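Here's a quick briefing to read with the model open beside you. Take a look at the fold first, then come back for the details.

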Amino acid sequence: MDEQTGGLARRDLLRAAALGAAVAATPSAGRAASTQANSRIGLGFIGVGGHGTNLLHQQVRRSRERGDVEVVAVCDVWDRRTQNCVNYAGGQAQGTRDYREVLANPRVDAVVIATPDHWHARQTIDAMRAGKDVYCEKPLTLYWDEARDVARVSRETGRVLQGGAPGGSDGNWWTARDVTMGGGIGPVILFQGGAFRNDPAGDWNWGIQPARPGVDLDWDMWLGHRFGLAPRRPYDPERFSRFRKFWDYSGGLATDLLYHTYAALALAINHELPYRVTAGGGQPIFNLRNDRREVPTLFTMGVDYPSQCSMMLIGSQVNDHGVGSEVRGQKGVMWVGGDGVTVRPQEPFRREMLEMANTLPCYRGAEVVTRRDGDTTVLESIRVPRRHNYDHWDNFYQCIRSRQQPTLNAERAYKVMVPIALSIISFRQGRTVFFDPARETVVNRNPLPVQA
């Protein structure tokens, strides 16, 4: 086994030990967020790189406009980022390099985690154990078993967690869920989607940041090697500035872009766990000089579920002609777009689908489009208006106050993470990965009875 894939097992042991210690040792502290409608929610930001800074700016603007939240703490391993964000927040927020100081701050009700992927599980679990609610940027974690641990700790602590993929709040896809769960397209056979870019300069080749390790940057904390999160390495400005290109800190296309896609698609199958995952791809026509990326620029994944439906996802950074998101049932095909969903019948089921459109509760209020063929009324399509309207951040804040579960809560975010993370194992190890949904663990062979 080569160093790259063989190292997975060794790092998994270190990571599991460190994660277990964090769960066991981190004390429960901090104040619960007030449920009073007029109280401010104190926010702590952990990780304010490019995206983290954007999220902080959004919440500071919200604070100025609505007054229902307040940024009270900012953490980043690079002092320049921390200070810039403290200044933007008004200069009164706590600034620190160590996220544990944010968790110890009694003014912090909830944290926003936007660190590199390899830190998500540790910081999320520590935050929940410290009595904080969590908004964790996608992916929920880097490895599937970390996501399972996050879901477990959320249940144990009763903390609110919102996964940072707004597709999980897409009202159109929640409407699509109504249709599929209501039998509106018959048994689901296949669903698909993707994410597509084409950057000639190489996607994720962001500018190198002028950080100075040992002066204004805590490189060891960024790596997390003392916590068993990634191998210890000398300072590498490209790894620091372009972390998504390296396996130690990211799952590449799968965790960055396809997690977004699947967070919405998974609603159509009610977040069913898979039993088999296979992935492929590579770096076609990719020959940029001195580009050291390890992750692929083309990634495909196929997922099979116990209900005998399948999913196909495609991610590309070298061609931006996309594949539309759709759900195929035995009796109809569903597209999401505009302000609702559209269902077109499969030819052998036009008559049955017309009857379903007029009788099934999931089609109540839908626009049924028909045409005349002689004396026969023929169904063309069913248009279901959007029935759900969620704002991803509003939903998070409402749930902090009500203690209800948000749209992409820890359980759903975990179930989105499983096929995403298993696809990376499949790609890196060149094999099909089997998962037992009942035991919620990776297994050596197909856990389902083989059909004759």
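Which elements do the buried residues of α3 pack against? They sit against α2 (50-66), β2 (69-75), β3 and α9 (237-241). Keep in mind that this is a predicted model.

**Helix α3**
- Helix α3 spans residues 79-88, and its buried residues are Arg81, Thr82, Cys85 and Val86.
- Those four end up on the same side of α3 because they cover an arc of only 130° around the axis.
- In general, an α-helix has 3.6 residues a turn, so residues three or four places apart point the same way.
- Just past the end of α3, Gly90 adopts a positive phi of about 110°.

**The parallel sheet**
- An open sheet is built from 6 strands in the order β3-β2-β1-β4-β5-β6, with parallel pairing.
- At its edges are β3 (94-96) and β6 (161-164), each of which pairs on one side only.
- From one strand to the next, the twist averages 20°.
- Inside that order, β4 (residues 110-113) and β5 (residues 133-137) run parallel and are joined by 4 bridges.
- Ile113 has Cys136 of β5 standing opposite.

**The largest pocket**
- The largest pocket holds about 740 Å³ of space.
- It's lined by 39 residues, and the closest to its centre are Gly49, Gly50, His51, Ala114 and Phe243.
- Elements giving two or more residues to the lining are α2, α3, α5 (120-129), α8 (219-223), α9 and α10 (253-265).

**Strand β16 and its partners**
- Strand β16 (residues 433-436) is covered on both faces: Val433 and Phe435 are buried on one side, Phe434 and Asp436 on the other.
- As a rule, side chains in a regular strand alternate between the two faces of the sheet.
- One partner is β8 (residues 276-282), which pairs with β16 in the antiparallel sense over 2 bridges.
- Here Arg276 stands opposite Phe434 in β16.
- Another partner is β17 (residues 441-443), antiparallel to β16 and joined to it by 3 bridges.
- On that side, Asp436 stands opposite Thr441 in β17.
- The hairpin of β16 and β17 has 4 residues between the strands, and Glu440 in this hairpin takes a positive phi near 55°.

Technical notes
Residues numbered from 1 in each chain as written. Predicted model: local features only at pLDDT ≥ 70, side-chain atom pairs only at ≥ 80, totals over all residues. Heavy atoms only, no water. Pairing = 2+ DSSP bridges. Axes fitted to C-alpha atoms, helices over the stretch in contact; angles between N-to-C directions. Buried < 20%, exposed > 50% of the residue type's maximum accessible area, 1.4 Å probe, protein only. Arc of directions from axis to C-beta. Contact = heavy atoms within 4.5 Å. 1 Å grid on protein atoms, 1.4 Å probe; cavity = no way out; pocket = protein on both sides within 12 Å on 5 of 7 lines; lining within 4 Å. Points joined across faces, edges and corners; volume = space filled by probe spheres on them.
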